[in-house]
There are 4 protein chains.
Amino acid sequence: MSEYPLAALASSPNRTPSQVSVGSDLYGRFQIGEGTVTVMAGPCSVEGRDMLLETAHAVRASGAVMLRGGAFKPRSSPYAFRGLGQEGLDLLAEARASSGLPIVTEVVDARQLESVVAVADMLQVGARNMQNFALLAALGEVNRPVLLKRGLSATLKELLLAAEYIMAHGNTNVVLCERGIRTFETATRNTLDLSAVPVLKLETHLPVIVDPSHAAGRADIIAPLAAAAIAAGADGLLVEVHPDPKSALSDGPQSLTPSQFDALMAAIAPIAALTGRTLTRPSCLRGAGAVAAPSRQAAARHASSTAVPA
Amino acid sequence: MSEYPLAALASSPNRTPSQVSVGSDLYGRFQIGEGTVTVMAGPCSVEGRDMLLETAHAVRASGAVMLRGGAFKPRSSPYAFRGLGQEGLDLLAEARASSGLPIVTEVVDARQLESVVAVADMLQVGARNMQNFALLAALGEVNRPVLLKRGLSATLKELLLAAEYIMAHGNTNVVLCERGIRTFETATRNTLDLSAVPVLKLETHLPVIVDPSHAAGRADIIAPLAAAAIAAGADGLLVEVHPDPKSALSDGPQSLTPSQFDALMAAIAPIAALTGRTLTRPSCLRGAGAVAAPSRQAAARHASSTAVPA
Amino acid sequence: MSEYPLAALASSPNRTPSQVSVGSDLYGRFQIGEGTVTVMAGPCSVEGRDMLLETAHAVRASGAVMLRGGAFKPRSSPYAFRGLGQEGLDLLAEARASSGLPIVTEVVDARQLESVVAVADMLQVGARNMQNFALLAALGEVNRPVLLKRGLSATLKELLLAAEYIMAHGNTNVVLCERGIRTFETATRNTLDLSAVPVLKLETHLPVIVDPSHAAGRADIIAPLAAAAIAAGADGLLVEVHPDPKSALSDGPQSLTPSQFDALMAAIAPIAALTGRTLTRPSCLRGAGAVAAPSRQAAARHASSTAVPA
Amino acid sequence: MSEYPLAALASSPNRTPSQVSVGSDLYGRFQIGEGTVTVMAGPCSVEGRDMLLETAHAVRASGAVMLRGGAFKPRSSPYAFRGLGQEGLDLLAEARASSGLPIVTEVVDARQLESVVAVADMLQVGARNMQNFALLAALGEVNRPVLLKRGLSATLKELLLAAEYIMAHGNTNVVLCERGIRTFETATRNTLDLSAVPVLKLETHLPVIVDPSHAAGRADIIAPLAAAAIAAGADGLLVEVHPDPKSALSDGPQSLTPSQFDALMAAIAPIAALTGRTLTRPSCLRGAGAVAAPSRQAAARHASSTAVPA
């Protein structure tokens, strides 16, 4: 029997890949997985209202269907900018209401889970927390899909076991994310391991996306890595975009400008098409320009309907 | 200015190494750091009462001054034995009362902190949680020394920044632990990086100990690695000992028998002496045979006097 | 000034990538580099006449323009099959005469250079010899393009410096090859570092190709890695193909069957086209079916015209 | 059966470690291996006559029994100082005649073997050539002990297989050398893997020495690493010493001054004694002050008696 019976491809009916549903009735839903390519984009950290709204509308215009942005940031140094916290969450909620884009944001502490779940459509586990088993267990009890990033030196087997933790605790909506591993090479921040994509596809039914930004650590090679990820079969991308990378409080050197991101989107669509897949488009979502921004009450209902189960 | 102003050697008066006090009034105290060598030993996991008491008395007889043992175990698989939890903590308390050895045990979740602090004399942060910044921050507010293990692929700078997290939140009693890093070599579970010892000694005033057991992953080379660690200047060792390694529920292949541990202790004492250091001996502690086991009330007072600050 | 003044992109007129000419008047020539995608394929080792000729014709039929095959094989063990040596070279010459495909084969010893040059159209430096500086210097004095593979743990800077060795000794016709680096991951034999492609393209004017076979060490993920390499901008591929991988004397698990290779070629052509590049086709070559096999004399002239300079 | 039948410990009579004889009738002989600790020291490169003689006499005075020094230097860049070549060999011969210390020096090309053998008492294979199988095979046919350094990312199994190459070609006098492996850590040039010592001792009968200089890449931690290596059971050390490290043409940052080296020697002798071993002392050698320098004819006889067999 498999070491990860819930995550194993063999455990899926007819060995078919599964799809993970993201979004909400309010803003629209879509599926991550087989047959589609999903792009999530946004700043590393939520730094303020203007930059976040500007980025949200820009990445939506280019074709992203989810907005990423960190309110709680794990940083190596206690003296670095660690995010706006609750204020960041509030800004993400506003950005969703304004742009219609569902939110993916990181959770770094099980004790924050309730407040993050009130805002986020998808919960991200960062590389440094991939084996924070207490957090994984807590995420297993939450009604939100989880984006699980590979640890800096985690084997693919360990990544699958980390997904299994979440699934074994009750939440089977897990999307895996390759984001580079630590090696001796210094030309890049990490070494993007694109072999992970086809290897994982042979092992698990869970969707697999790629984060070229954290892997590269430099903006000038992200577009070719994104193209390579899609060609390798990735189900989507997670890309850092900032309206002014030079002024970013974190990860500036690896952030694309909106126009660089637009070029990236134009380049990957035909590669997805070559393999019979389509990019999930924002047209599946409701949002600014499409529908009126939801009322305060509707937003409150959205939050309460998805709170952490008691 | 240093990136880790609290941990930096330069921030210590006269650039002298600091010492970290461990133990309690009830069972006795000693210092970890300059001039001494401290050995902590015990099983990977607390598996039951008999094995724990047997190990505690055996390692004390050989010269260990702290008992290690996991009640909450981080394991790669959700289906592996993850420790006895609260029952394990109770057994550790009993083992301390019986042997007089202070306890070092791992904390994996900030929400468990109060119950672990009630029993533990020193709190261990495991390699997989070295960058669990929420946990580090919580440990900064606790009145217990912390044993911080290096992450599987953490640089020494990142280890120092993780210590700085704890210190910046108020707890300056941190001991660093080298336990092997992940490399391509498969003859050992990890690669013990003994360069870490002299490098850290040049960078920080915090004590540095070495865990040869997790580095090697095999019992047959632990004694020479322990000797090498002391020769390299380590302030102590953390060694896995099990009365019957073959039957261990975790880490059996790397656990020493009590007699192998006894031989290890005999080998390292003269190496410590060569560098003008002495092994901290159990005679500094009170315990079974030396004093009567403390009453239930005294043990309760011990726990309440050291609880997590509100 | 650059550490590799000859290899640096900045040293190329108008910072344009250079092209490396491969082939001969007898069998036809083509360029490796900008605007084209070149595929080299064949068995790891030349094992015998039939398997070599069968593979040569098969890979040509699928669109490969060079035949790879080792006559001198570096193997970790002295007891493993180390190639047929001179007999292997003779078979490669016959395969070229029969198929019209130029030959790329490894040279492992400067003392063999003359005999290898007599047969090979391109000389391969294996990963284990990337810093065999005596060999690199010798290759600098030879009138043949060199395929330089990245060492198992070589940084990209070291790869460029190794190319600079060859160029500084007089031979500027160097093609770089990413073939995976050694990491902790065990799901693949090595970790293919596709970031190498765009990073090298920013640093050097030399063409860059990718060997997914040695990187993966397993046949089942080679097609997606090949597609990813082309999407990342690689100027070509080096792929192991064997008529019966299960019976291969070396590298069987990573060898494609001819029909798997045919599918790979069909998949990469449109990816090349998306980026405005065309696959170099065997129609640019003369060979079996196109021209009569060259006479023994013509073959002898071919060899002597390209011998190692005195 | 073992993959390295000649190198395996099991193949030694009574599973006893073997000893490798070094030196010559002219200058004296000693054994490397079980029961002794052998220290080789000297500059990275032979830079000139004065510095070499000064270093030779200094390291002999401190207790080294072999002089190291490179005449042919493998360097990552073709523009770096690559050694004095034949002039360097001549200076090494003079240093031996003057100090009485046998010479260990690197050979980087099988075509140089005859001239290096004419001077060297022991032939070093550098890390970058550990899998230069043509060179290993050539060394198998030479009447000189070989010092085989572990490759930058070689597994211990690959190191043993490289030794097996030399042995399978006829030369069983091989000494293994751990010199650090490549990892993500940047505080040191490489990561010294001292686990290699006890692991190799369990696998092979060949002596194992340690080079802390190349591992550390910095002088300030070499003494503790040297002590650790001896405590781990190493049969000797290879240490870089330079009369004026700041002016060194290569590896200055990791070179000890003669007085630092003297302190290192004083520190390791008692550690060797603790494990029942003795440092091989220069008193076993003849040399300056002990015997008159050998005549030109004697030196010529020395060279010819040990030339490469036809």
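## Exercises: contacts between and within chains

By the salt-bridge rule (a side-chain nitrogen of Lys or Arg within 4 Å of a carboxyl oxygen of Asp or Glu), the count over all chains comes to 56. The model is predicted, so to speak a computed one: local features need pLDDT of at least 70, side-chain atom pairs count only at pLDDT 80 or more, and totals for chains, interfaces and linings use all residues. Residues are numbered from 1 along each chain as its sequence is written, chains are lettered from A and ligands numbered from 1 in the order in which they are written, and side-chain values use heavy atoms, with hydrogens and water left out.

**Exercise 1.** Find the partner of A:Glu158 in a salt bridge, and say where the two residues sit.

*Solution.* Step one: the partner is B:Arg182, with the closest N and O atoms 2.7 Å apart. Step two: A:Glu158 lies in helix H5 (residues 156-168) of chain A, while B:Arg182 is in the loop between strand S8 (174-178) and helix H6 (196-203) of chain B. Helices (H or I, at least four residues) and strands (E, at least two) are DSSP runs, numbered from the N terminus.

**Exercise 2.** Describe the interface of chain A and chain C.

*Solution.* Start with who takes part: 33 residues from chain A and 33 residues from chain C are in contact (heavy atoms within 4.5 Å). Next, the buried area (accessible area, 1.4 Å probe, lost on putting two parts together, summed over both) is about 2,500 Å², and carbon and sulfur atoms give 75% of that. Now look for salt bridges: the rule finds two, and A:Arg150 with C:Glu185 make a salt bridge at 2.7 Å, N to O. Finally, check the helices of chain A: H6 (196-203), H8 (222-231) and H9 (258-274) each supply at least two residues of the side that touches chain C. H8(A) gives the largest share, five residues.

**Exercise 3.** Work out how H1 and H2 of chain D pack.

*Solution.* First, helix H1 (residues 49-62) and helix H2 (residues 86-99) of chain D pack at an angle of about 35°, their axes 10 Å apart. Axes are lines fitted to C-alpha atoms, for helices over the stretch in contact, and angles run from 0 to 180 degrees between N-to-C directions. Then list residues: among those in contact are D:Leu52 and D:Ala56 from H1(D), and D:Leu92 and D:Ala95 from H2(D).
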